[in-house]
Amino acid sequence: MSNSLLRSDKEIEEIYRRHGKTVYRVCFAYMKNPADTEDAVQETFFRLIRKQPFFESEEHEKAWLIRTASNYCKNELNHWRRKNENIDDYQDISASDTSGSDWVFSAVMGLPDRYKTVVYLYYYEGYSSVEISDILRKPKSTVRNHLHEARILLKERLGDLFYEK
């Protein structure tokens with residue numbers, strides 16, 4: 001990590017290469033369509049450039065990006081203008097555009113918002129429940145409870161195909 005207050009274009013590019021896909025997946029979990037997801041990713045990295053936070057490590061950097069992306073998406077989804085959109089505008093958009101044939105990922109993305117980010121961070125990014133609670137600034141018990149409830153929902157949706165390690 002650079003000790004300089006201002007990052008060069010190369011440093012921003014390296015951060016994007018390291019974490020761009022993760023930020024995209026987190027945003028897609030909330031936004032559910034590629035266009036809004038790309039806007040959210042762009043805004044997340046714009047905030048990185050504008051705020052110039054200091055990171056102690058790559059994990060701290062990744063956690064900051066995930067938290068910033070999550071907060072931005074939540075704010076956008078709660079914004080009044082989104083409540084007035086016509087659902088017919090989105091009839092041709094499918095989640096398979098980004099996840100291919102990954103039916104488990106599709107099932108995870110179909111979970112209620114309070115579960116999908118926690119499940120994604122735990123199973124796809126490998127964070128512990130303690131780390132997730134720090135990233136999302138939620139109590140540890142809430143994170144563990146969301147994981148437990150999400151597993152129950154996934155078991156119902158996936159049936160015999162559900163396998164828990």
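Gln-52 counts as buried, because its relative accessibility is 16% and the cut-off for buried is under 20% relative accessible area. In this predicted model, Gln-52 lies in the loop between helix 2 (34-51) and helix 3, and although Gln-52 is not a glycine, it has a positive phi of about 50°.

Arg-137 also has a positive phi without being a glycine, in this case of about 55°, and it is found in the loop between helix 7 (129-136) and helix 8 (140-158). Is Arg-137 buried or exposed? With a relative accessible area of 64%, Arg-137 is exposed, because that value is over the 50% at which the exposed class begins.

## Helix 3 and its start

Helix 3 covers residues 58-78, and at 1.5 Å a residue its 21 residues should span 30 Å, which agrees with the 30 Å that separate its end C-alpha atoms. At the start of helix 3, the backbone nitrogen of Glu-59 has a side-chain oxygen of Ser-57 within 3.4 Å.

## The protein as a whole

How many helices and strands does the protein have? There are 8 helices and 0 strands, so that the pattern, read along the sequence, is α-α-α-α-α-α-α-α.

Of the 165 residues of the protein, 41% count as buried, while the exposed surface comes to about 10,100 Å², of which carbon and sulfur atoms supply 49%. Among the contacts with a separation of 6 or more, 63% are accounted for by residues 24 or more positions apart.

Notes: Residues numbered from 1 in each chain as written. Predicted model: local features only at pLDDT ≥ 70, side-chain atom pairs only at ≥ 80, totals over all residues. Heavy atoms only, no water. Helix = DSSP H or I, 4+ residues; strand = E, 2+ residues; numbered from the N terminus. Expected span 1.5 Å × (residues − 1). Polar contact = N/O pair within 3.5 Å; in protein donor to acceptor, adjacent residues only side chain to side chain. Buried < 20%, exposed > 50% of the residue type's maximum accessible area, 1.4 Å probe, protein only. Contact = heavy atoms within 4.5 Å. Areas by Shrake-Rupley, 256 points an atom, 1.4 Å probe, with all protein chains shown as cover.
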